[in-house]
Amino acid sequence: MKLADLLVYNTPKYVGIRDPKLGCLRYALILLIIIKFIVLNIFVNGTHLKQLPIIANSRIGVQMPVHNCNPLDADCNSDFTPMSELPYCLQYNSTDSTDWGMRQASCEYWDGPSLTRGRAPIPGALFIPTRVTSIDQKRGCVPSAENRWSCDTKPYVDRGPVSANNSIYIADVERFTLLIGHAFETLERPYICGSSSGSEAEFIRTKELAGIKLSEHQPKSVTAKYAHNDHTGAAHSHVIPDHPDPDSEFPSLLKLDIGDVVSVGDLLKLADPRGVSLLDMQLSNNQTLRWGGAVLRLTIEYDNFAHFDPLGNAPMMYELSASFLPMLEYKIMYEKEFGEDRLLRNVHGIFILINVVGRVRVVDFSHLMAMLTQAMVSLAIANTITDLIMKYCLPEGNQYNLCKYQPTVDFDEYRRSRMKLKRQFGEDYLYLDHKPLPHADILNKHAAKGSTPIDQDLMLILCKFEQRLNTIDAMDPVNTLKDDGETDNIGNYIRERERGYQDVGSSSDDSSTDA
């Protein structure tokens with residue numbers, strides 16, 4: 001055996017069907033796949049980029065309304081709205097006969113430190129009191145041997161009845177401003193980014209001193225946006241300005257070097273287009289948000305997505321959005337003890353949760369290969385669709401199917417014919433001289449003699465070759481090697497001659513006439 005026979009390479013064989021309809025269909029599907037994966041996914045949307053998850057942190061601070069100054073400066077004064085102009089205050093001075101009911105209470109002015117006292121600082125969260133109810137309590141039960149160390153009442157009991165007069169509102173809380181700082185990093189590939197300008201360089205130096213090599217593509221600046229819905233429910237996205245814009249829908253919102261600034265009122269409007277008016281609207285529990293409190297989630301989403309950016313070089317950006325969680329009340333309680341007595345504070349307000357999420361899109365070879373694999377699967381599906389349409393939807397489906405799935409000779413009959421020859425010739429049987437098919441046997445014997453087949457032998461050979469050619473090119477799908485019961489005169493003639501040959505067997509005498 002030759003070396004070439006041992007080291008043979010088997011490759012699939014394809015049939016080129018020359019039909020413009022099928023060709024247009026297949027190339028149209030291929031074009032759609034190219035548009036989908038190469039144009040849209042890679043060049044337009046960049047879905048081949050790997051999305052690295054981020055690990056983020058945030059902080060939020062609050063300060064009272066001031067005249068464009070730092071509240072910690074000695075000459076910085078507050079800019080509170082007079083209580084006489086705040087309808088939810090008992091101090092409200094108006095001839096309006098509106099009955100505010102339980103939504104109206106005495107107001108007090110608090111500053112930023114007063115607003116956060118009694119509450120432990122939690123990263124990514126801030127509680128803003130809107131209503132405080134003070135309850136004067138005294139020591140209740142005292143366990144002792146006389147009462148068998150039990151407590152029949154409560155450790156502390158109220159000195160008197162608790163009423164709305166025990167409650168106060170924090171005046172002008174909707175005009176308090178929030179400073180929101182946030183930053184993130186990725187672990188798989190070193191990448192640091194945040195809302196504070198200039199802080200990236202400090203983090204980079206820290207990382208370098210720690211012996212960690214950072215990516216060269218650290219962001220120099222970050223684009224900040226905010227997203228909100230209007231009264232019609234339509235979504236809008238705008239860039240956060242570097243300076244306050246009094247004509248903006250959110251006039252307090254701006255981006256500073258140390259973070260983002262927004263008032264409580266604008267933050268409420270970011271979550272609901274009704275904004276500040278939502279504080280004093282009656283809810284389903286017959287309370288107002290100012291009286292009962294609420295939970296607001298502020299989402300900060302980082303991304304470097306950009307259209308037509310297949311290499312992931314777009315600058316980093318983040319977007320602020322807010323929404324209310326379905327909680328009709330939020331409160332905390334704390335105490336201040338005075339010997340045997342204590343003052344209990346029942347504080348309702350707005351609990352702000354900051355959720356920093358996002359991703360960094362980077363080029364990754366394995367991720368690109370996974371997407372290209374999907375494209376290859378889509379190409380295979382396109383071929384399958386073309387085959388199904390070719391076979392079942394076009395009038396030439398039988399011919400197309402014959403070209404694609406070429407039938408062979410009936411090997412069961414072939415084996416039976418060969419066994420008959422072996423039984424007939426016994427030890428004289430030679431597979432080189434005794435062919436199991438009649439046309440091959442006739443040609444083999446005439447080749448040995450150097451003669452030419454004539455008459456019925458020649459007719460059988462021509463019909464058989466026509467049948468075998470039809471099996472290859474499907475010019476006449478009725479006359480092929482596929483025996484499905486339907487055939488023409490040529491097929492019937494071949495069938496009768498082969499059947500007689502199998503019944504009689506190959507004769508040692510030459511039944512044909514020499515030319």
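## Close-up views of the cysteines

View 1. C69 counts as partly exposed because its relative accessibility is 27%. In this predicted model, C69 and C76 are joined by a disulfide, with the sulfur atoms 1.8 Å apart. C76 has 9% relative accessibility and so counts as buried. The torsion about the S-S bond is 70°, and the link of C69 and C76 is right-handed.

View 2. The sulfur atoms of C89 and C107 lie 1.9 Å apart and form a disulfide. This pair links distant parts of the chain, 18 residues apart. C89 sits in the loop between β2 (55-63) and β3 (106-108), while C107 belongs to strand β3. The disulfide of C89 and C107 is left-handed because its S-S torsion is about -95°.

**View 3. C141 and C151 are joined by a disulfide.** The S to S distance is 1.7 Å. Both C141 and C151 lie in the loop between β4 (125-139) and β5 (156-158), ten residues apart. With -75° about the S-S bond, this link is left-handed. C141 is buried, at 12% relative accessibility. C151 has a relative accessible area of 35%, so C151 is partly exposed.

**View 4. The whole structure holds three disulfides.** Counting bonded cysteines along the chain, the pattern is 1-2, 3-4, 5-6.

**View 5. C403 is a buried cysteine.** Its relative accessible area is 14%, and C403 counts as buried because the cut-off is under 20%. C463 is buried as well, with a relative accessible area of 4%.

Key
Residues numbered from 1 in each chain as written. Predicted model: local features only at pLDDT ≥ 70, side-chain atom pairs only at ≥ 80, totals over all residues. Heavy atoms only, no water. Disulfide = S-S within 2.5 Å. Buried < 20%, exposed > 50% of the residue type's maximum accessible area, 1.4 Å probe, protein only. Helix = DSSP H or I, 4+ residues; strand = E, 2+ residues; numbered from the N terminus.
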